[in-house]
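Me: Hi! Could you walk me through a structure I have open?

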Amino acid sequence: MIKLVNITKIYHPDIKALNGVNLHIKPGEFVSLVGRSGTGKTTIVKTLIGEERVSTGKVIIGGWDITDIRQSEVPVLRRQIGVIFQDFKLLPKKTLFENVAFALQVCGQPSKKISNIVPQVMKIVGLEGKMHRYPQEVSGGEQQRTVIARALVHRPKILLADEPTGNLDSINANEIIDLLLKINKFGTTVLLVTHNREVVNALKRRVITVDNGLVVSDQAVGKYLL
Amino acid sequence: MFFLSLLRVIKFSFQDIGRNIWLSIVTITILVLALFSVNVLIVVDTISKAAVDSIKEKIDVNLYLKNSADETDIMSLKAKIGNLENAKEVRYISKSEALEVFQEKHRNNPEIIDALRELGKNPLTPSLIVKPKDVDRYDSLINELNRIDSDIIELKNFDNHKAVLMKINDISRKINKVGLTVSLVFIFTTILVVYNAIRVAIYTHKKEIIIMKLVGASNWFIRSPFIFSGIIYAFAGILLIVAVFFPLLNLLQPYLETFFIDYRINIVSFFQDNFLRIFLVEFLAASLINILASLIAVGKYSRV
């Protein structure tokens, strides 16, 4: 599902964010990508969504080689991947419903379909009663649930979660992880980028550890090593 | 699919304007102020041009003819002058016509009217009034007239307009200078307004544009609502400026009539006659400025 072949990312001769990363994630896997801040985790996520181009190597997603993806193809790629961010990235002037619906509207989905699907997804993430509130009117956990709903609404095969619990308390963080596990159960491949030791250790799933732009450990049922 | 997206774009534009109401008000206010300065400039330019043209229109050369001049000779002289390169129009004022004009002009002065009655005959001479084609070539017309040798000409009244002409040319030059300065100030202000509009657009939409890109919106889908909003802002600005400016012009008109007495200056009719030309150009220019500002802002963040 996700294949990184010996990728490097050099911002400046002295600044190498990735130093030859090799990674293969199979469909339906739940993988935690861990590592200290500044080790290249977010750069990997950015290459997967076409925000950054690798300096060398190959990036393949679902059989699609996106190494040299054209700018005009990036929206198409992003409609196939659900992305969850630490800082939520919700449109502040749109309600929670509109934020989720927006992901379908940009793909040109008909309004009828949108008004059917969005409430269903909002129900899955437990926000059916707060759909018409604005992001600033709900808690951080609820905002993150909205982001998950937005990421799920076009039924992506891959879900990238970049520090999804970073801005949440432990109760909300656990709820979000439970939600990610539930999504994974339905068959979606989940790549969780985190440095939350408790979360990673409790998951008992595959753990890939990155350090200094390199994969230093890849355990089938792993623990947070660093 | 295209129409669905277009409808959504229009919906998002109106939604964006409504939900960012303060920013919308500020944008429209900036536009109205810029348009106001443009229209004030148009008013000043129109008044000054109309005043100068009216004065120029009044400039002519009088050729006083002998009382004994024969009507046929006068007509032949009139035709000859009419063919001169620098003559625009030649008007013949007969003795009786001159008397009528004189009486009309002095009807409120009983002493002059009484004196005329006591005289018992028409003391005025017939005349030819020559209007120059171009006031700036007044001297050339005089040279041409000087070359005409005719027995029926009693007096050539050439010089009394020279001072006025010099003054007009001086006023014209000053108006042009002031106009140029005002235009430069205006251009500078417009650049500042555009620059700030771009900054505001970047500041306000930065986060929004990045998020749209991250959820897979195409550049067209991101840009279009901003383009449409820019057009709506421009339209609202034009409606407001029309609503504000016409009452002001109506207020100004009586003062203009009093100040420029005897001159044909009607600023309200000027704006009414040129309504489409003025406001359509302003609408297009304002839309273009808004669209450019938004596109620069979107372009800056659409590479995410």
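This is a predicted model: local features need pLDDT of at least 70, side-chain atom pairs count only at pLDDT 80 or more; totals for chains, interfaces and linings use all residues.

Me: Okay, in what order do the strands of the open sheet in chain A come?
Reply: The order is β6-β7-β8-β3-β9-β10 in chain A, which makes 6 strands with mixed pairing.

Me: And which strands stand at the edges?
Reply: Those are β6 (81–85) and β10 (214–219) of chain A. Each has a single partner strand, so one side of each is left without a neighbour in the sheet.

Me: How many degrees are neighbouring strands turned against each other on average?
Reply: The average is 15 degrees, ignoring direction.

Me: Which helix packs on the sheet?
Reply: Helix α5 (residues 140–152) of chain A does, touching β6 and β7 (158–162) of chain A. The direction of α5 makes about 170 degrees with that of β6(A).

Me: Switching to chain B: why is strand β1 largely enclosed?
Reply: In β1 (residues 61–65) of chain B, 4 of the 5 residues are buried, so the rest of the structure largely encloses this strand.

Me: Which strand do bridges join β1(B) to?
Reply: β1(B) is joined by 4 bridges to strand β3 (residues 127–132) of chain B, and the two run antiparallel. Across that pair, Asn62(B) stands opposite Ile129(B).

Terms used:
Residues are numbered from 1 along each chain as its sequence is written. Chains are lettered from A and ligands numbered from 1 in the order in which they are written. Side-chain values use heavy atoms; hydrogens and water are left out. Buried means under 20% relative accessible area, exposed over 50%, partly exposed in between (1.4 Å probe, protein chains only). Two strands pair if DSSP finds at least two bridges between them. Axes are lines fitted to C-alpha atoms, for helices over the stretch in contact, and angles run from 0 to 180 degrees between N-to-C directions. Contact means heavy atoms within 4.5 Å.
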